[in-house]
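Subject: Structure for you to look at

Hello,

Here is the structure that I said I would pass on. My notes follow it.

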Amino acid sequence: MAEEKRTILIVDDMEINRGILAEIFRTQYRILEAQNGKEAMTMIAANRDILAAVLLDIVMPEMDGYAVLENMGKIELLSRIPVLMITADTSPDAERTSYQKGAMDVISKPFDAVIVNQRVNRAIELYDHKNHLEDRVNEQTRVLRKQFMVLKKQEERLRETNSKIIDTICTIVEFRNLESGNHLKRIKGFTRIMAVTAMNMYPEYGLNEHRIDVITNASAMHDIGKITVPDSILLKPGRLTRDEFEVMKSHTTRGCEIVRMLSDIQDKEYFETSYDICRHHHEKYDGRGYPDGLKGEEISIAAQLTSIADVYDALISERVYKAAIPAGQAFDMIQSGECGAFSPKLLNCLTAAKMEMEALFRRNRDEDEDENDDSEDT
């Protein structure tokens, strides 16, 4: 079966010129003819998917060749179909204008059959090659985009699964500490509120939505090391001895060891943030914290945010060794420095977020009461 001929459109108001050009290409291509620019645009629109090239006169009635070029450019055809201008004007201005408006080449009248044939065929070959490469790139891009979306969904599902595993482990720690599951929700909620406030008030911290999500989720890991603390110390209702307090303090470094064991189910950023929060959420801005005695901005913003959220929650929550403190009093204690030194910037954030923090605590307290009511009913 013979291969179907490609199509060329010849546009010229002189029939003799169209005839000469048609004769040059008749054996190689299927020929379409138009005698002015408007007729040419109609044919181009109807045959845009099969045109191999357009041979276009410059000077024509109704719509000249330059106008046709401009119209083809508007509908993004000049990158797909080579246009060769045919003109008797051999001035540099005519040639320069043709190229500026998107022509592939310029052919001068009178025609030399060999030169015209070579230029047109070369233009078609170049465009065929370029279009083929673009089509391959576009197809590969579509395939890669599809694969990326599949991998992204898999990554999201894996992250959700990993987050649930870590939350479950952390919840077990809190149950052992006689805390409700809402404690973790509060810590994550308080951390998020503080982080969003810090992002808006202090851009120098470099916080954004993604970073806040990582810090919020990682904050749940802050006390995971308490699983290694003996019940006799963890649940002691009275004041800890110096030796007991040293054991309690070790939950920061032991927590890091546990986080490292979980590194295979965490991405690098989440692992590093979890590790940092575990180790440094008891550091203080004046350097009097533990385990490393970090001072000021040596303490990461992730650890600082989790620290202030943890202290706030510890004050307003009932523990085995203390009664709950009213939210307003807890706020005043943190601001006055009774709970250790915090960054002045974060204290400003706490002031700005005070009402939102208290509202979150009330919601979680109500959830705790509802859960207790349900358990009593059963």
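**Notes on the model**

E62 sits in the loop between β3 (51–57) and α3 (65–74); helices (H or I, at least four residues) and strands (E, at least two) are DSSP runs, numbered from the N terminus. This is a predicted model, in which local features need pLDDT of at least 70 and side-chain atom pairs count only at pLDDT 80 or more, while totals for chains, interfaces and linings use all residues. Residues are numbered from 1 along each chain as its sequence is written, and side-chain values use heavy atoms, with hydrogens and water left out.

To stay with E62 for a moment, its phi is near 70°, a positive value in a residue other than glycine. E62 is exposed, with a relative accessible area of 61% (exposed is over 50%, buried under 20%, partly exposed in between; 1.4 Å probe, protein chains only). E76, in the loop between α3 and β4, also has a positive phi for a residue other than glycine, near 55°. E76 counts as exposed at 63% relative accessibility.

**Overall form**

The protein chain has 14 helices and five strands. Its radius of gyration is 37 Å, well over the 21 Å that the globule rule gives for 378 residues, so the chain is more spread out than a compact globule. That radius is taken over C-alpha atoms, and the rule is 2.2 Å times the number of residues to the power 0.38. Along its principal axes the C-alpha trace spans about 110 × 45 × 45 Å. Buried residues make up 44% of the 378 residues. Of the contacts (heavy atoms within 4.5 Å) between residues at least 6 apart in sequence, 63% join residues at least 24 apart.

**Cores**

A nonpolar core here is a set of buried Ala, Val, Leu, Ile, Met, Phe, Trp, Tyr and Cys residues joined through side-chain atoms within 4.5 Å. The largest one has 48 residues, of which M194, L207, I334 and L346 touch the most other members. Two or more residues each come from α6 (182–201), α7 (209–218), α10 (251–261), α11 (268–280), α12 (301–316), α13 (327–336) and α14 (344–377). The largest share, nine residues, is from α12. Leaving aside neighbours within four places in sequence, L346 is in contact with M194, A198, Y205, I301, Q304, L305 and I308. Apart from this core lies another, of 25 residues, including L56, M63, L78 and V106.

**Single residues**

S343 lies in the loop between α13 and α14 and counts as buried at 1% relative accessibility. Beyond four places in sequence, S343 is in contact with Y205, Y285, E297 and Q304.

T87 belongs to strand β4 (residues 83–87) and is buried, with a relative accessible area of 5%. Not counting residues up to four places away in sequence, T87 touches D57, I58, V106, I107, S108 and K109.

V229, in the loop between α7 and α8 (231–234), is buried at 0% relative accessibility. V229 and L144 are 85 residues apart in sequence and 49 Å apart in space, C-alpha to C-alpha.

**Cis peptide bonds**

The bond from K109 to P110 is cis, with omega near -5°; P110 lies in the loop between β5 (105–108) and α5 (113–176). Y290 and P291 are also joined by a cis peptide bond, with omega about 10°, and P291 is in the loop between α11 and α12.

Regards
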